[in-house]
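Student: Hi, I'd like to walk through this structure with you. Could we start with the ligand and then look at the sheets and helices?

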Amino acid sequence: MRTNQAEEAFHLDGLTKHFGDFTAVDQVGLSIPVGSFFGLVGPNGAGKTTLLSMAVGLIRPDSGTSAVHGHDLWQAPKEAKAALGVLLEGDMLPRRLTGAELLTYVGLLRGMKSAEVADRSAEVLRALDLVSAADVVVADYSTGMRKKIALAAALLHGPSVLVLDEPFEAVDPVSAATIRSILTGYVARGGTVVFSSHVMALVELLCDRVAVLDAGRVVAHGTLDEVRGGGSLEDAFAHLVGAQPTAETLSWFRF
Ligand SMILES: Nc1ncnc2c1ncn2[C@@H]1O[C@H](COP(=O)(O)OP(=O)(O)OP(=O)(O)O)[C@@H](O)[C@H]1O
């Protein structure tokens with residue numbers, strides 16, 4: 001199936017996932033235009049990681065479809081996955097490889113030539129301040145370093161669509177600024193970024209389109225201005241998911 005390839009980077013339709021009796025993602029449909037910087041926000045446990053995992057073909061949905069540039073993830077996985085760079089939450093990296101070995105492994109798996117893998121690996125390791133960790137096994141990386149090497153692996157083959165689950169979490173401010181600059185340049189040149197985050201200021205800074213997920217359902221989506229209305233995204237978020245910070249105190253936590 002190939003539909004609207006020119007306009008849509010992603011087309012999600014009716015994606016649903018149950019874990020036992022629990023519905024983690026419920027009938028999610030989204031159209032993400034090419035060239036979008038798309039932010040997915042929602043409370044803890046809203047289903048963001050599950051949704052993104054289904055969107056990129058890592059979790060099989062109970063129902064619904066996902067297509068990248070018109071290629072269905074399950075019917076035409078080769079074409080769809082060739083277009084994707086993916087960074088998902090959780091520790092799925094081969095930990096016994098060094099950072100450099102990991103990039104070589106991923107690059108060759110993606111069908112790149114060795115020389116190209118070497119050049120791009122050197123460049124991305126420099127950009128993400130990982131040169132001194134290139135020969136260290138990933139098992140010995142800090143959380144932020146693991147996030148950065150996973151991001152480097154997602155970028156290496158030059159995908160046209162990037163799906164990043166909380167890419168800035170645990171990353172130091174200098175690296176975060178580098179990543180922001182890499183991603184905004186990528187979108188300016190026609191790439192598409194879909195990322196989840198809990199940092200509303202970052203989503204407001206970077207994204208032109210936003211979806212709010214709550215209890216597995218999309219409760220708002222559209223341009224950033226459509227979703228936040230006249231106020232801040234944080235206010236819109238709290239209103240949409242019906243949550244407000246409370247003045248709760250802990251009975252034992254005082255001096
Ligand atoms: N493999 C699984 N088995 C059972 N329940 C799961 C599984 N994966 C996720 N869930 C549940 O599905 C819900 C959605 O989880 P998910 O990780 O997608 O949320 P999230 O929006 O990414 O959360 P967070 O912002 O905290 O990272 C949660 O209630 C979680 O406990």
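Tutor: Happy to. One definition first: Ala, Val, Leu, Ile, Met, Phe, Trp, Tyr, Cys and Pro count as nonpolar, Asp, Glu, Lys and Arg as charged, and the others, Gly among them, as polar. Also keep in mind that this is a predicted model.

Student: Got it. How do the residues of the shell around the ligand divide into nonpolar, polar and charged?

Tutor: There are 3 nonpolar, 6 polar and 1 charged.

Student: And which residues surround the ligand?

Tutor: Phe19, Ala24, Gly42, Asn44, Gly45, Ala46, Gly47, Lys48, Thr49 and Thr50. Helix H1, residues 48-55, gives the largest share of that shell, with 3 residues.

Student: Now the sheets. In what order do the strands of the 4-stranded open sheet come?

Tutor: The order is S2-S1-S4-S5, with antiparallel pairing. Strand S2 (22-33) and strand S5 (71-72) stand at the edges with a single partner strand each, so one side of each has no neighbour in the sheet.

Student: How many bridges join S4 to S5?

Tutor: Strand S4 (residues 63-68) is joined to S5 by 2 bridges. In S5, aspartate 72 is the bridge partner of alanine 67. On this sheet packs H1, which touches strand S1 (8-19), S2 and S4, and its direction makes about 120° with that of S1.

Student: What about the sheet with 6 strands, what's its order?

Tutor: That open sheet runs S6-S7-S8-S3-S9-S10, and its pairing is mixed. S6 and strand S10 (217-223) are at the edges; each has a single partner strand, so one side of each is left without a neighbour in the sheet. From one strand to the next, the twist averages 10°.

Student: In which sense do S9 and S10 pair?

Tutor: Antiparallel, over 6 bridges, with S9 covering residues 209-214. Valine 218 in S10 is the bridge partner of leucine 213. Helix H9 (residues 233-241) lies across strand S3 (37-41), S9 and S10, at about 30° to S9.

Student: Switching to H5: which of its residues are buried?

Tutor: Met145, Lys147, Lys148, Ile149, Ala150, Leu151, Ala152, Ala153 and Leu155. Their cover includes strand S6 (84-87), helix H3 (99-109), helix H4 (114-127) and helix H6 (173-188).

Student: And what span should H5 have?

Tutor: Helix H5 has 13 residues (143-155), so at 1.5 Å a residue it should span 18 Å. Its end C-alpha atoms are 19 Å apart, which agrees.

Technical notes
Residues are numbered from 1 along each chain as its sequence is written. This is a predicted model: local features need pLDDT of at least 70, side-chain atom pairs count only at pLDDT 80 or more; totals for chains, interfaces and linings use all residues. The expected span of a helix is 1.5 Å times one less than its number of residues. A residue is buried if 20 or more other C-beta atoms lie within 10 Å of its own, exposed if 12 or fewer, and partly exposed in between; C-beta atoms are placed from the backbone. Two residues are in contact if their C-beta atoms, placed from the backbone, lie within 7 Å. A residue is near a molecule or strand if its C-beta atom, placed from the backbone, lies within 6 Å of it. Two strands pair if DSSP finds at least two bridges between them. Axes are lines fitted to C-alpha atoms, for helices over the stretch in contact, and angles run from 0 to 180 degrees between N-to-C directions.
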